[in-house]
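Thank you all for coming.

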Amino acid sequence: MDYSLGALKLLCIQLKRARKTPSQNAFTLGGILFQRAWLQGVLVSTPSSSDSGGGFLLDDGTDVIELILSGDFRSRNWETGMYVMVVGGFSVRTGEISAIKGVRFKIARDLVHKMVDLSPFPNRESMWYLEVLEAFKLFYQHLFGE
């Protein structure tokens, strides 16, 4: 994981435009090189206790993304309906939905760095859209030529 590349504050729908770079273990979005994404949304699906794989689906109102967790994050009491913030390595699997990977004890790029339940703070959801918009205008917009 190249930590000199920032974790982009994004909406799930924006990740659909991300493209894998041919020579690096990264993605590009409008000329911005990144490996990690910072998202917030509602957990719309959590795995059953017998499911050892992913099973966490996050909906931010623009699209749905899979969160693949294990270790410390997987053992926490995540419930459907929670509003959460997650930062982690981004990957795309052909023919499947995109994923923020959080497989602990594997290579560093697959590590969810942070996942926090923001449900007790009801204003966080409306503020998130403003944060993403502000980040886009300040840092990304000129790269998109808009």
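Before I point at any pairing, let me say that two strands pair here if DSSP finds at least two bridges between them, and that helices (H or I, at least four residues) and strands (E, at least two) are DSSP runs, numbered from the N terminus. Please keep in mind that this is a predicted model, in which local features need pLDDT of at least 70, side-chain atom pairs count only at pLDDT 80 or more, and totals for chains, interfaces and linings use all residues. Residues are numbered from 1 along each chain as its sequence is written, and side-chain values use heavy atoms, with hydrogens and water left out.

The protein has three helices and 10 strands, and along the sequence these follow the pattern β-α-β-β-β-β-β-β-α-β-β-β-α.

Let me begin with E5, which pairs with E6 in the antiparallel sense over three bridges, and there Ser45 has Leu57 in E6 as its bridge partner. E5 also pairs with E8, again in the antiparallel sense, over seven bridges, and Ala37 stands opposite Gly88 in E8. Strand E1, residues 8-9, runs parallel to E5 and is joined to it by two bridges, with Trp38 in E5 as the bridge partner of Lys9.

Now to the interior, where buried means under 20% relative accessible area, exposed over 50%, and partly exposed in between, with a 1.4 Å probe and protein chains only. Of the 146 residues, 42% count as buried. A nonpolar core, as I use the term, is a set of buried Ala, Val, Leu, Ile, Met, Phe, Trp, Tyr and Cys residues joined through side-chain atoms within 4.5 Å. The largest such core has 27 residues, and those with the most contacts inside it are Leu39, Leu43 and Met115. Among the elements that give two or more residues to this core are strand E5 (36-45), strand E8 (83-91) and helix H3 (123-144). A second, separate core of seven residues includes Tyr83, Met85, Trp128 and Val132.

Which residue would I show you up close? Leu58 counts as buried because its relative accessible area is 0%. Taking contact as heavy atoms within 4.5 Å, and not counting residues up to four places away in sequence, Leu58 touches several residues, including Cys12, Leu39, Val42, Leu43 and Val86. Leu58 and Val42 are 16 residues apart in sequence, yet 5.5 Å apart in space, C-alpha to C-alpha.
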